[in-house]
Amino acid sequence: MEFIKSNIWEIKRSGSLKFLGGALALFHALQFYLWSRDNNLPLKYAAEAVPLCRSLFENCEWVRVLPLGAFEAIYYAYAAVAILAALVFLLSSFVTFGFWLLVICWWIGGLLYIQDLRISANETFMILFLTLSFLVIPSKSRYFRWIVVSFFAAAGFAKLSPDWLSGLWFVEHMSLPIKLGEWLGAVTLLVEMIASACLLFKDARFFLTGWISLLVLQAMMLYIGEVFLPVINIFLLVFLALQESERRKAEREYIYQSFIRPEPSFIMGGLFLIVFWIAQILPFFGVTTRTTVAGLFDLWALQPMASHEECTQMTFALYKNRVEQVSADLDSSRSPTLRCNLYLRFLDLKSMCRSLKERDSDFVTLSSILEVRSLRTRETRRAFEVKDFCQADLNFKKLSGVRWNLEEDVN
Amino acid sequence: MEFGRRRQLEWYWLVLFGIYCTFVVFELFNANPYLYSHQELRAALETGANRVSKPFPTPPATPRTVGDITGFPRWSMQSNAVDPKPTAWTRNMIEASSRPVELGENFNLESVSADESGFYVTGKTNWVAGVSLEGEIRWRFLFHRERENDASIYPALMDTQTVYVVHPQGEIVALEKEKGLPLWDLPLNREIVARPFLFKEFVVLPVRAELEADEAPSSRPGVQWLYISRATGELMKTSPRIDVKDGFLLSYNAEMEQFFLTVDNKVIALEAESLQVLWSQILTDPIKGPATVNGPQLYLATLGAKIVNLDIAKKGKVVWESDLTKPAAAPPTILPLMNRISVRDEAGNISVFDAKTGKSLSQISAEGRHRLPDTWSARIKSSYITDFKMDWLHKGWTVWGSCGVRKACIFTPKGLTVARINLAGEPVQLPVSQESRLVFFVQTDTRSYAVSHVMDEKDYKKLKAEQAAAAKADEKSN
């Protein structure tokens, strides 16, 4: 309880943190709005018979503990609680009430997010992560400056991909020459990685240069047509500006330090930052999510903004009297950066085994090969080559050990 | 407190910031080394040695052995349509059985490849089917890739164990002959511009050549041949560019190791290993089908109603030219031992020429447009040689071909009709010779096909009697 009280005390004494609390609650409301625009995505997936589990969980049937009706009630309550929390933080001084509303928001949002892998999105991850940090991390002002800078820098780091730097994203959105697209890709990367680091400096020249550069970048993204992430980033920049002016005011007025509540420690914030950065960097070392630890870090990693890989999949559906080449492409509404996700490909094939068997009793099995090419190193590797994909005892962990055996008779 | 000093930037923070900025810029140029050049990053990603297509799945450590090539179009790479079997047939041949082939209404059949294991059919759908010699569909295979411009799947290629099927948009699949299971699949993503063929241990795919960096986009690209290993599906080598148009047809002379490509009114001779152009000859009219090779002689039939003989040893020098009454409907067919060639024209009539002089020797009336305009040469039994005033030296070689409606006929080189065989439909492909029967793939209706077995009438009656006796015995035992 003392821990919670000290967190609430920190928020109460800072106007910028109250603003941040309101902003985070608004982000939750915005998230609800976007989900509802996508046919209430969490409810749609909750209604399906089989969830698409995250790589951390072998089996995620436990998320279906609640009946669908209760799930729906919780889903709509999420919006109400988020709006109420925003109003409380922004318009009143009932910080404690707002704090607890935000805790409820976080729990509901987390439950909706974790129940299916297909709901994954960087914006949702950011909102939940920042909310959790806001609720539990002491030394919030200092921590949030570092974590916001980390998010910008990690986003820039994730853009160090030939797919982004080829400029095709800009060309597709703005009909530009390809070379100009390449330059815009490079400039956005430089701004996100370098200008964000400028926000850490106490010198006003560095801070303002970084702040204005990032604001201009978010405005450009808004102009191009991106909405969710630029809006979140603009609110966070406004928070940083408020926090900076608060800090300067504090230095001028020599704020009295309460001896009952000594300066909060930055250790927990530091640990959170280290875990966050390990999660962002691990994929660059080729660590695949086949262990529990890697799966845990995968939960904390931002999804890449641009694809680092491209892949080709060859799949044959074997029937008793024929063979058909089939397309095992992922759902087109999924993020392009998930297209080479090994786990999703595995799940999609398993799902295809079920659906083809139901459709045609002559169906025997699927044979599939996935080739992945790294856009960084331009090297290709065969992620899996399986002749009998539909065998019951084939799970994700065994995938790399299975080999295509041409001598076996499938029938 | 001197908060002014607290606001002052320490030198070590500036150094750290400088190192960080250097790292970021370094990584940026590492990820996109073409930022300051005219070259585009995306285009650079598409090139390089590691973009060479590899077969799916990865070839095994011990490559499987491949069998001899079978199922040549027109029975051999010389394209001479001479029956490779030594069988001498009787004149009393009848259709012993005919079994419909259930390909389905939507199977727009374009070509049938055949060997002793069965028929392999392709067409203007993405389906390929393997049909047994009894007419039963053993397997089907479906390509997923779309065909552009209504192009057909190329005729299947076969060796003793495997069927190779090529999609026009640049994908080749090797299938087990018996069950149609995929052995390997190689997506090349390069348009196949002429009919593929098997050569030694390779499947050869003619693709459009890529322009060199210094060539203008309007230059004619030409063709390259990709040599794919039959055993593993790996791309083993790419030929230098050959200056030939798309859609060429090919014949081969094994003794002289030369390829002959025909396209439009041009014939080109290539050295088989280096693909160096040895000579080329331009005729006045478009050439019908591939060149027919007989030793050092090449025979061409044209749409200008001509037969042309070129001497391969003399760099394609025209030896003689003869006229047909109508444009040619098929390439010439060799009649062995007697130095003659037969060719059918668009009216359906078959002309026989002296292969040495080009003199027209006979005209065989077999009017009508036939699904299979090709003639082929096969032997008849020696007992008929005297009956039909043929020469013993020529060992009973005769001209065979479609004639009338749903018939195949046997003619002597002088034009006498030896036999007419009634069939369930129009032959689509040269027949498969088995020990005592010929197996035809026939078209019975617009979209209906059947497999027809033709055998000697005596053998047929004997077979029927045996089958009746066996049926009676079964009844008694039941």
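Which residue lies over the face of A:W164? Select A:W164 and you'll find A:K159 there, 5.0 Å from the ring centre; a charge sits over a ring if NZ of Lys or CZ of Arg is within 6 Å of the ring centre and within 35 degrees of the ring normal.

Before moving on, a word on what you have open. This is a predicted model, where local features need pLDDT of at least 70 and side-chain atom pairs count only at pLDDT 80 or more, while totals for chains, interfaces and linings use all residues. Residues are numbered from 1 along each chain as its sequence is written, chains are lettered from A and ligands numbered from 1 in the order in which they are written, and side-chain values use heavy atoms, with hydrogens and water left out.

A:K159 is in the loop between α7 (140-158) and α8 (162-165) of chain A and A:E192 is in helix α10 (residues 178-198) of chain A, so the pair ties together parts 33 residues apart in sequence. Helices (H or I, at least four residues) and strands (E, at least two) are DSSP runs, numbered from the N terminus. Over all chains, the search finds 24 salt bridges.

Next, pick A:F89, A:F125, A:F129, A:F134, A:Y143, A:F144, A:F151, A:F239, A:F272, A:F276 and A:W277, which form one aromatic cluster. Rings of Phe, Tyr and Trp (its six-membered ring) pair if their centres lie within 6.5 Å; planes under 30 degrees apart are stacked, over 60 edge-to-face, the rest tilted.

Now show both chains. Here 55 residues of chain B are in contact with 53 residues of chain A (heavy atoms within 4.5 Å). The two chains bury about 4900 Å² between them, 62% of it on carbon and sulfur atoms; that is the accessible area (1.4 Å probe) lost on being put together, summed over both parts. Across this interface the salt-bridge count is 0. On chain B's side, colour α2(B), which gives the most, with 11 residues.

The peptide bond from B:F56 to B:P57 is cis, with omega near -10 degrees, and B:P57 lies in the loop between α3 and β1 (69-70) of chain B.

Last stop: B:D150, in the loop between β7 and β8 (157-159) of chain B. B:D150 has a positive phi of about 60 degrees although it is not a glycine.

Technical notes: A salt bridge is a side-chain nitrogen of Lys or Arg within 4 Å of a carboxyl oxygen of Asp or Glu.
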